[in-house]
Amino acid sequence: MDRRHFIGQSAAAVGLLAGLSSQTKAATLQKAEILVIGGGYGGATAAKYLRLFSNNTARVTLIEPNTSFISCPMSNLVIGGSRTIAEITSPYDTLSKRHGIKIIQDSVSSIDPDKKTVTLASGKTLRYDKAVVSPGVSLNFKSIEGLAQANKDGITLQAWKAGPETVALHKQIAAMREGGTFAISIPEAPYRCPPGPYERACQVANYLKNHNPKGKVVILDANQDVTSKGALFKKVWADQYAGIIEYRPKSNVVGVDAKTKTLKLEVEDDVKADVLNVLPQMAAGEIAIKSGLANSNGRWVNVNFLNFESTARKDIHVLGDAIQIAPAMPKSGHMANQHAKVAAAAIVAELSGWEVNPAPVLTNTCYSFVNDREVVHVASVHQYNAAEKTFKTVPGSGGLSPAPSTLEGVYAWGWAHNIWADSLG
């Protein structure tokens, strides 16, 4: 997939706005203050495409505490030691230099939907006409007894947002004793990136195979079975990592003893390991919960899928992993990128007094490295269903890899560089 195809796909996804000339632009669009909270795959893409779809007339401010974007997709390769964090890091400054987006390096402490204001951690208050909230996920450490303290003591790491913990987890694995055990626990779905934990297990196993061949990987999965690409992963584990990876379904971790590095399971016997990668229950990012947007079981945000506006608060559009997903819609970086384009087009249309596209289409591709070079993928196409007011997968679209291949590894890196350019370039 080259960049032209990726951008073309964007146009198809949102049914690109027609007649975007400066003469047809409504004054409300030119004067509106649009705040984008969070600079991940959803937020960065939304900020960029709000400018593109408005012929650079929309006033867009991106609020993001980090100086650089670090990609969660591909970060498991850093944990496995075959790539560096620098290879998955991109600057934000192109968004300001090329697209005229104002970037504030700060975090949001509160949103007042009634006053339409946002308060930053620095104390500054900003007004908005439209807000785009792309907060990612929060991790519920209270869902596993002792996990908060184990994290505080540096015994457990999650590395479920790429950054310093990604590097730290690789160091723990590299320092593991000969014949040691790495244990990863997976919460019940939904969680961010369904195949991510299984890919991570492969990356750790690949590292151990080359550097610590007596080492073991134990996957403790709270789900009934592998949640994504199950047959492909299981075949890889049997063919490439026999005697290294042990997969245990229906194994729900409920407690951590940091002193003895022991995981307590709901039903089965305790598991001791040298490196503990404990992933707890997940929910929408904290700012979404604090702002009263998480109106689906207090965990996820319900949205109108035509424009991704929160059903709890008007003029706040929520993207990415934080939303209550449509049927068979994954919580993935690619999907957040697609949400952003639909939302950006809808916001520009609404502020211009135009009809919002009534039939958006989303696409998704998710690549998983099973070692440092071979990859499997899953792809899908999602069409808005007006009768059910949700996205449904298009019959016969997408599909799975027949088997891992190095060629797909090339495609995976092509996808990564294209989507980074699409979101940030």
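How many residues does helix α11 have, and how far does α11 reach from its first C-alpha to its last?

## Helix α11

Helix α11 covers residues 333-352, which makes 20 residues, and spans 29 Å from the first C-alpha to the last. That is close to the 28 Å expected at 1.5 Å a residue, where the expected span is 1.5 Å times one less than the number of residues. Helices here are DSSP runs of H or I with at least four residues, strands are runs of E with at least two, and both are numbered from the N terminus.

Of the 20 residues of α11, 19 are buried, so the helix is largely enclosed by the rest of the structure. Buried means under 20% relative accessible area, computed with a 1.4 Å probe on protein chains only. After α11 comes G353, with a positive phi near 80°.

## About the model

This is a predicted model, in which local features need pLDDT of at least 70, side-chain atom pairs count only at pLDDT 80 or more, and totals for chains, interfaces and linings use all residues. Residues are numbered from 1 along each chain as its sequence is written, and side-chain values use heavy atoms, leaving out hydrogens and water.

## The whole chain

The chain has 12 helices and 26 strands. Its radius of gyration is 22 Å, close to the 22 Å that the globule rule gives for 425 residues, so the chain is as compact as a globular protein of that length. The radius is taken over C-alpha atoms, and the rule is 2.2 Å times the number of residues to the power 0.38. Buried residues make up 55% of the chain.

## The second largest pocket

The second largest pocket holds about 310 Å³ of space. Its lining has 19 residues, with P194, T227, M329, P330 and K331 nearest the centre. (A pocket is an open set of points on a 1 Å grid over the protein atoms alone, with protein on both sides within 12 Å along at least five of seven lines; lining residues have an atom within 4 Å of a point.)

Strands β23 (361-369) and β24 (375-385) each supply at least two lining residues, and β24 gives the most, with three.

## A buried loop residue

I88 sits in the loop between α4 (75-79) and β4 (89-91). This residue is buried, at a relative accessible area of 0%. I88 and I70 are 18 residues apart in sequence, yet their C-alpha atoms are 5.8 Å apart. Beyond its neighbours within four places in sequence, I88 is in contact (heavy atoms within 4.5 Å) with residues including F69, M74, W413 and W420.

How values were computed: Buried < 20%, exposed > 50% of the residue type's maximum accessible area, 1.4 Å probe, protein only. 1 Å grid on protein atoms, 1.4 Å probe; cavity = no way out; pocket = protein on both sides within 12 Å on 5 of 7 lines; lining within 4 Å. Points joined across faces, edges and corners; volume = space filled by probe spheres on them.
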